[in-house]
Structures are given as structure tokens and as C-alpha cells.
Amino acid sequence: MTAVETPRAQAAPGTTASRKWVPPWRNPWRRPYVLATVTWLYILWSLLPVLIAVQFSFNDGRSRSTWQGFSLQWYCCNEGSVFQDPSLLLSLKNSLILGLATVLVATPLGVMLAMGLTRWRSRTSKVANGIALIPLVTPEIVVGSALYLVMVNLYQFVPLGRPAMLLGHVTFSISYVLVIVRSRLLSIGGEYEEAGRDLGASSLQAIRTILVPLLMPSIFASAMIVFASSLDDFVVSQFLYGDAANITVPIKLYSAVRAAPTPALNALATLLLVGSLLALFLAYVGLRARKRGPGSALDDLADYG
């Protein structure tokens with residue numbers, strides 16, 4: 001009887017016996033510890049000054065460098081607090097009024113502009129789309145100085161102050177609405193409007209009853225982004241605010257931080273930060289709102305970009 005040699009069993013793929021040791025720096029599938037470390041260091045470096053400023057807005061004493069205990073005295077119910085200091089309260093009021101007015105003016109104009117540019121089919125439509133996005137890439141100091149020169153020398157019927165600031169904020173805010181709403185329009189297409197017209201609706205009825213409800217998540221998100229950008233704006237407001245009666249929170253922070261500021265200034269900056277973050281969070285919620293059908297407005301914005 002002939003003896004048969006049994007072949008040696010091979011190790012299954014993925015087992016220890018079949019693996020070859022690879023140095024960590026040559027393994028493309030290793031966890032990106034270095035990149036993660038650099039990312040977290042950057043985040044900490046960026047947020048640490050903000051967190052320190054927020055912390056001292058709750059300081060129990062007047063020091064902005066020595067922690068003396070927790071207190072809310074710099075927000076309200078104490079002399080020199082935000083809601084007791086007339087100048088700080090006025091700047092907060094002006095910022096909120098200006099932000100709301102900018103939303104009320106820029107959002108409808110941006111929506112109408114997005115609808116018009118989406119329907120415009122000609123050789124010059126691409127040029128018009130590019131021109132409409134110029135405020136997003138133009139340096140803000142150029143926009144502010146140009147608006148100031150135009151208001152002073154050409155549009156003298158627009159006084160410096162709240163009217164000029166409103167026009168300036170609307171000028172750079174419309175582009176945000178245009179980008180977000182137009183991306184939603186491109187993803188929706190014209191089938192829903194055409195179906196509504198086939199069922200007897202007029203063009204205006206189709207827009208009001210079909211298109212606008214589909215656009216509501218993007219309209220709401222763009223309005224919140226406009227509000228946040230208006231609250232945070234400094235350069236354009238600095239050129240156009242006129243006198244102290246129209247001063248906003250960023251201008252107040254800039255002018256008061258060089259004097260002898262108290263933690264009330266930190267409290268004012270914290271309120272501005274909370275307002276901006278809340279507006280951006282609501283914008284994110286609006287962009288994540290599901291539309292009728294697959295996908296979301298956030299996906300549409302990513303596809304458009």
C-alpha cells in the first residue's frame with residue numbers, strides 16, 4: 001500500500017500565522033492618530049480664548065484675569081451689568097433689530113433672485129449667477145469702504161446709521177440666501193410646478209402652494225444664516241453706523257476693549273456668541289429637514305457646491 005503524504009494545512013487568511021508585521025508608519029489602514037491629534041490641538045487652540053472669555057463673564061469680581069467665584073451679576077440685576085448699563089443694552093438692542101430687519105429684507109429678495117436665476121436660460125445667465133456671488137468672495141473691508149463712499153457721495157438721501165447699515169447688511173447677505181435656495185430649486189426641478197399647472201393652477205398659485213412649501217427648509221436655514229452673519233458683522237457696520245446711537249455689539253466690543261473693560265463686556269460677547277450659535281444650529285436643523293422624497297436640503301447644498 002502506497003503511503004500518501006498529507007499536505008500541510010494552510011493558515012486561513014487574516015489569521016496571525018498569515019499576517020506579516022508592518023511598521024505603523026507604513027500601514028495605510030492604521031488609525032490616523034497624528035491627524036486626530038493635530039485636529040484636536042487646533043480645536044483647543046481656537047476655542048480656548050473663547051472659553052476663557054466666556055468663563056470670566058461669570059466671575060464674581062471685576063477682574064478679567066483672576067477667577068473669584070461664580071456669579072451672574074454681570075448679566076443682570078447689578079450696577080454695570082449688561083441689562084443695567086444703557087450703552088451695552090443699546091448695542092444689544094441695535095444688533096437684534098438690525099439682524100431681524102436684514103432677515104426680513106434679504107430673505108425674500110434672495111428667494112426671488114434664486115427663482116429668477118434658476119429660470120433664466122440664456123448665454124448671460126452664467127455671468128449673472130457669477131456676479132450675484134461676488135459679495136461672498138469680495139473682502140469685507142472693500143465692501144464696507146465702497147458702501148461708505150457711495151452713501152456719502154452718491155446716495156446722500158440714505159443717511160448714515162440704521163438705514164445705511166441695513167442696506168449694507170442686505171447687500172452681502174442676499175448671496176447666502178441665493179446659494180442655499182438655488183441649490184434646493186435645482187434639486188427639486190420643475191416637475192412639481194408643471195404638475196400643478198396641468199391640474200389648473202396658475203403660475204402664482206403653483207409657486208405659492210407647491211414650490212414655497214418645498215423651499216421652506218432652505219428658506220428658514222438661509223434666514224438663520226443671514227441673522228447670524230448680521231449679528232457678527234463688524235467691518236460694514238463700522239463704516240456705516242454714523243453715531244453712537246446706532247452702535248452694535250461688535251462695534252461696542254471693539255471700542256470698549258481698549259479702555260478699562262469689566263466682565264460685563266465678556267457677558268455681552270457671550271450673549272452675542274450664544275445668539276450666533278443658536279441661529280447656526282437652527283440653520284442646521286432647517287437644512288437637515290427632510291423634503292418630500294429622498295435626500296435633504298443639506299445634501300442638495302453639498303451637491304450644488
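Which residues do ring pairs link into a cluster? They are F58, F70 and Y75. Rings of Phe, Tyr and Trp (its six-membered ring) pair when their centres lie within 6.5 Å; planes under 30 degrees apart are stacked, over 60 edge-to-face, and the rest tilted.

This is a predicted model, where local features need pLDDT of at least 70, side-chain atom pairs need pLDDT 80 or more, and totals for chains, interfaces and linings use all residues. Residues are numbered from 1 along each chain as its sequence is written, and side-chain values use heavy atoms, without hydrogens and water.

The ring rule gives six aromatic pairs. One of them, F58 with F70, is stacked, at 5.4 Å centre to centre and 15° between the planes. Both residues lie in the loop between α1 (33-56) and α2 (86-119), so the pair ties together parts twelve residues apart in sequence. Helices here are DSSP runs of H or I, at least four residues, numbered from the N terminus. F58 is partly exposed at 22% relative accessibility. F70 is exposed at 58%. The classes are buried under 20% relative accessible area, exposed over 50%, and partly exposed in between (1.4 Å probe, protein chains only).

F234 and Y254 make a tilted pair, because their ring centres are 5.0 Å apart and their planes at 50°. F234 sits in the loop between α8 (203-232) and α9 (235-240), and Y254 in helix α10 (residues 249-256), 20 residues apart. F234 is partly exposed at 25%. Y254 is partly exposed at 40%.

How values were computed: Helix = DSSP H or I, 4+ residues; strand = E, 2+ residues; numbered from the N terminus.
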